[in-house]
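Keep the structure open while you read.

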There are 2 protein chains.
Amino acid sequence: MKKIVVIGGGTGNFTVLKGLKNYDVDLSAIVSMADDGGSTGILRDELGVLPPGDVRQCLVALSDSSRLMRSLMNYRFENGGLGGHSFGNLLLSALEKVTGSFEKAVEEAGKILNIKGKVIPVTTHQVRLKMILADRTLLEGEKDIYLSQDIDQGYKSIFLEPYPKANPYAINEIYNADLLVLGPGGLHTSLIPNLLVDGVVDALRSSQAKKTFVVNLMNRKGQTTSFKVSDYLKEVHRFIGEDIFDYILVNDQKPPQALIEVYAEEGDLVENDLTDDSRIILAPLLGELKGVPATDFIKRNLIRHDPKKLAQELMKIVHHL
Amino acid sequence: MKKIVVIGGGTGNFTVLKGLKNYDVDLSAIVSMADDGGSTGILRDELGVLPPGDVRQCLVALSDSSRLMRSLMNYRFENGGLGGHSFGNLLLSALEKVTGSFEKAVEEAGKILNIKGKVIPVTTHQVRLKMILADRTLLEGEKDIYLSQDIDQGYKSIFLEPYPKANPYAINEIYNADLLVLGPGGLHTSLIPNLLVDGVVDALRSSQAKKTFVVNLMNRKGQTTSFKVSDYLKEVHRFIGEDIFDYILVNDQKPPQALIEVYAEEGDLVENDLTDDSRIILAPLLGELKGVPATDFIKRNLIRHDPKKLAQELMKIVHHL
């Protein structure tokens, strides 16, 4: 059975894992530990736990349990002191307290959710993602970086503080993978934070696995404004130090014009400027549009990867290994 | 297989169920829905859910899952907006929100915890336990009643508001039981609230089951001060309307004098004044004393029933059925 290791955090990871779960492969998700917004941020601050949010999404993606259990994990309390917390985050935080270890908590939650595969925090140290902008403004925390509109003006540095050692299990997975998948996901907030962990880049460079980069569908205004496929690769390679990818998976399906206009305030479509690069795999990867009201929250998710289509393309790569 | 139905709420139920779980019997717990203190009270107020606390204790008592899962259910968050909430309460409340039904929530939590037997809320209506004292003071809520020091001065009435219909599943269990067990537990706060639900008393009177009353070890000062066994029975029979019990299980093991003194502020030992009543079963029922520091919280639990000894005596009754 081929081993696929997916690296990222948040919704991007969720989509890839959800699609691949239905194939006969050995799946692992390596998850960024930089999240500090919303429910996760409150839990970190108040309880001193490691960030559960991205891990929760991966667990749900890999879960083979009932639809009810998956809804439960994503259920958010609405009122009072619990308001905003997702139940799955509370489960992971309570398990961390009871077992004394975040890794053990993830493992136990995986059993409760009957997951197919493994979810592995990239580091088990408490870290903050920080960024120094071109004008020397210091952004402290993933949330502030996520909300900044000035990153496309350039930045001096991005780093985790304190500089953390990688989780040895994550390194092991990278070495033992047949296929590594980086992305899709927030470039500075979900993907790069994995590369900032001591040991990850070395492992990515040395691993004999084939490596696929899944390019985002949309740019985020103020963050990756007008980025093309080559810009994504350039940015990632700044951290990896060399071009490691064997495949670059790019969507070639155009969303309806009306939807692009809805999105205009938030960002533009990522254009493929590497038409001559033989590593580029073009495929229609868009999720189906459901008739949902375009609230601010949902808008962000209207143009998104389809888990099935994404998995089909990745499995074509696997079959060639 | 004999069917045993235990009626109560809180720690008393926990002890009986925990002991009986190890025998080959068909176990059900009917649980009072009057709790409104602590974590449970906050969840009722803020989320509008039914009270999870007593149900959680019964689920944990019947759980056949790992020690870790049971610790998780009883884990209390310590800080921030979550402070004081036990994880199991949050599980039940989130499940109630996701499924839209408290009964369904209890059922699903039972699956997650791999319980042996059934836990059944006595009613699925939102109710408050209220009491009018002799001096016409109105106590609103189980918590206020639990904390009152004036109940032993007599009270005019105790009632649930609004007056709720029983859960038909609870009634069914009472009719189909081979043995019914009432107690131990807080007389006005855990036992009687079950009897105040429309349909329960009729079922108790009509059921062909043998009926056992398990008498508390200790009185609670201000509540059942200096109550003897006959006082407990008299009080319960006021609500049932007739004497229904076939067996009355009473502890005859004396706790160490030092411990009785530690307890003196909170209450005195329950004395058996029914030495001629052939229904009385005397047995040593005390739990072992562990070398724990006598904090206020633990003090309450130092003189307590031993689940094993309690179950052994109840099983002797079952073997005679």
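1. Start with Arg136(B). Its relative accessibility is 66%, so Arg136(B) counts as exposed, the cut-off being over 50%. Keep in mind throughout that this is a predicted model.

2. Now look at the backbone of Arg136(B). Its phi is near 75°, which is a positive value in a residue other than glycine. Where does Arg136(B) lie? Find the loop between β4 (128-133) and β5 (138-140) of chain B.

3. Turn to chain A. Arg136(A) has a positive phi of about 70°, and it is not a glycine either. Its place is the loop between β4 (128-133) and β5 (138-140) of chain A. Is Arg136(A) buried or exposed? Its relative accessible area is 67%, so Arg136(A) is exposed.

4. Stay in chain A and find Lys156(A). This residue belongs to strand β6 of chain A. Lys156(A) has 48% relative accessibility, so it counts as partly exposed. In sequence, Lys156(A) and Arg136(A) are 20 residues apart. In space, their C-alpha atoms are 7.6 Å apart. Which residues does Lys156(A) touch, leaving aside those up to four places away in sequence? They are Ile132(A), Leu133(A), Ala134(A) and Arg136(A).

5. Check the cis peptide bonds next. One joins Glu161(A) and Pro162(A), with omega about -10°. Pro162(A) sits in the loop between β6 (155-161) and α8 (168-176) of chain A. Another cis bond runs from Gly183(B) to Pro184(B), and its omega is near -5°. Look for Pro184(B) in the loop between β7 (179-182) and α9 (187-195) of chain B.

6. Now see how the chains meet. How many residues of chain B are in contact with chain A? The count is 25, and they contact 25 residues of chain A. The area buried between the two chains is about 2200 Å². Carbon and sulfur atoms give 83% of that area. Three residues, Leu68(B), Leu82(B) and Val98(B), supply 23% of the area that chain B buries against chain A. That is more than any other three residues.

7. Look for polar links across the interface. The rule finds 0 salt bridges between chain B and chain A. There are 2 residue pairs in polar contact, both at pLDDT 80 or more.

8. Which elements give two or more residues to the side of chain B that touches chain A? They are α2 (38-47), α4 (67-74), α5 (87-99) and α6 (102-112) of chain B. The largest share comes from α5(B), with 9 residues. By type, the residues on this side divide into 15 nonpolar, 7 polar and 3 charged.

9. Finish with the symmetry. A rotation of 180°, with 0.0 Å of shift along its axis, superposes chain B on chain A. The RMSD is 0.0 Å. The two copies are thus related as by a two-fold rotation axis. Which residue of chain B comes closest to the rotation axis? It is Gly81(B), with its C-alpha at 2.1 Å.

10. One last check on the interface. Of the interface residues of chain B, 100% are also interface residues in chain A, so the copies meet through the same surface.

Conventions: Residues numbered from 1 in each chain as written. Chains lettered and ligands numbered in written order. Predicted model: local features only at pLDDT ≥ 70, side-chain atom pairs only at ≥ 80, totals over all residues. Heavy atoms only, no water. Helix = DSSP H or I, 4+ residues; strand = E, 2+ residues; numbered from the N terminus. Buried < 20%, exposed > 50% of the residue type's maximum accessible area, 1.4 Å probe, protein only. Contact = heavy atoms within 4.5 Å. Buried area = accessible area lost by both parts, 1.4 Å probe. Salt bridge = Lys/Arg side-chain N within 4 Å of Asp/Glu carboxyl O. Polar contact = N/O pair within 3.5 Å; in protein donor to acceptor, adjacent residues only side chain to side chain. Nonpolar A, V, L, I, M, F, W, Y, C, P; charged D, E, K, R; others polar. Least-squares fit on C-alpha atoms with pLDDT ≥ 70 in both.
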